[in-house]
Amino acid sequence: MDLSIIIPSFNERENIEPIVERIHSALRDQGIAYEIWFVDDSTDETVSVLTRVESIDEQVHVHHRTGARGLASAVVEGFERATGEHFIVMDADLQHPPELLPDIYRKLAAGIDVVIPSRFVSGGSDGGLGPLRKLVSWTARVIGQVALRRLRKISDCTSGFFGVHRNVVVGAPLDPIGWKILIEVLVKGRYRTVHELPYEFLARDAGESKMSLQEQWNYFRHLFRLVSQSPSDRRFFLFCIIGASGVVVNLVVLTILKYAFGISDISASITASLVAMLSNYIWNDQITWRASGKRKWNVKLPLFVGISLIGIIVTTLVMNGLKHLDVPVPVGQAIGILVSTVWSYAMNNRLTWRDSAKQLREDVIVTREDRRIRSV
Ligand SMILES: Nc1nc2c(ncn2[C@@H]2O[C@H](COP(=O)(O)OP(=O)(O)OP(=O)(O)O)[C@@H](O)[C@H]2O)c(=O)[nH]1
Ligand SMILES: [Mg+2]
């Protein structure tokens, strides 16, 4: 079997027959051996429609789950059952045009590990969503891309439409929460190459949307779980938390030195900053970069202190630069802190605790097709 098309479905009775028909029209003459797997959690007549279609069409298979719900877990069950060399996941409601299947398949067959039709490369469009949904979806994507390194280069990382070679997902420890199966695959799958194709996402014309606030919440739970399971993504957050803890250490030490020991303000302030820096160094060494960096402390500590001092200069330069653009000083300082945190994280990762940089370089190659393929 060349290709398995995996479709999660929940109460989509009007869409089942049209999607099967359109998949057949798209693939019939392409010389591709394919099967269609519905993983269905429906509670309405969709179940009988699927049973009928399965009984008359030998390319259609249905796995009906009772008691379970969840788009992403349905897709994982599809991966377990599908027999194709390649898998393509798509929604049941025809928002993902089946006419794109041959193009996706050709890329997979040519050796690309992950193929993602994207609404956000030139020639693509997300015209099928209203302005509020677009904003929510944009925000969700950006948060995901900030949190997880493997999503950063992918323009449509929350899509429900994508293709993979079976080896990307079979045997990978997939354990998604909620809907966004693609982020789970991108973070935990085994792949080297990703290709993006433009497509037009259309409005649903039959059935109801199952998107809900609960699902948005699940998305954050899912991101949180992925970050906490991924050592390289976890690091940046640990670094930020430890940086914030340094502020507390700084203030406590300053207070003790000034009020309990009567030390002068300037000496108390400088000592408090040095103690906070040392505390940050120790926590980062023991927690953030625990498993990495073979260097001795007498190399790492001066590097860390040097980077921290340059970080202070970076903050001030950013604040001052923004001040000339009429940005209020506290806002400029906050942006400066952000810039210097990202910068000092990257420098510490690359220099102080060096061998972790090697892991970061095992990178994925992303290509994209910037041409209009087809609109339906
Ligand atoms: N198996 C299964 N499929 C689901 C579940 N929830 C949603 N789906 C399917 O997942 C796909 C995406 O759901 P939609 O409701 O279309 O979500 P959406 O595309 O973000 O929202 P609209 O733009 O309003 O259609 C559809 O094929 C649904 O039938 C579920 O709990 N289990
Ligand atoms: Mg939909």
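Biologist: Across the interface of domain 1 and domain 2, how many salt bridges does the rule find?

Modeller: This is a predicted model, where local features need pLDDT of at least 70, side-chain atom pairs count only at pLDDT 80 or more, and totals for chains, interfaces and linings use all residues. Residues are numbered from 1 along each chain as its sequence is written, chains are lettered from A and ligands numbered from 1 in the order in which they are written, and side-chain values use heavy atoms, without hydrogens and water. A salt bridge needs a side-chain nitrogen of Lys or Arg within 4 Å of a carboxyl oxygen of Asp or Glu. Between domain 1 and domain 2 the number found is 0.

Biologist: How far apart do the C-alpha centres of domain 1 and domain 2 lie?

Modeller: The domain assignment (bounds from an automatic or database assignment) gives domain 1 as 3-229 and domain 2 as 232-360. Their C-alpha centres are separated by 42 Å.

Biologist: What area is buried between domain 1 and domain 2?

Modeller: Contact (heavy atoms within 4.5 Å) joins 6 residues of domain 1 to 5 residues of domain 2. Buried area is the accessible area (1.4 Å probe) that two parts lose on being put together, summed over both. Carbon and sulfur atoms give 50% of the buried area here, which is about 540 Å².

Biologist: How many salt bridges does a search of the whole structure find, and which residue meets Arg-13 in one?

Modeller: The whole structure has 19. In one of them, the N to O distance is 3.5 Å. Arg-13 sits in helix H1 (residues 13-27), and its partner, 32 residues apart, is in the loop between strand E2 (34-40) and helix H2 (46-56). Helices (H or I, at least four residues) and strands (E, at least two) are DSSP runs, numbered from the N terminus. The partner of Arg-13 is Glu-45.

Biologist: What percentage of residues 239-353 is helix?

Modeller: UniProt, in an unreviewed entry, lists "domain: GtrA/DPMS transmembrane" at 239-353. Its positions follow the numbering used here, feature names are shortened, and annotations may be inferred rather than shown by experiment. Strand is 0% over this stretch, and helix is 85%.

Biologist: How far apart are the end C-alpha atoms of residues 303-322?

Modeller: The unreviewed UniProt entry places "transmembrane region" at several stretches, including 303-322. Residues 303-322 are 100% helix and 0% strand, with end C-alpha atoms separated by 28 Å.
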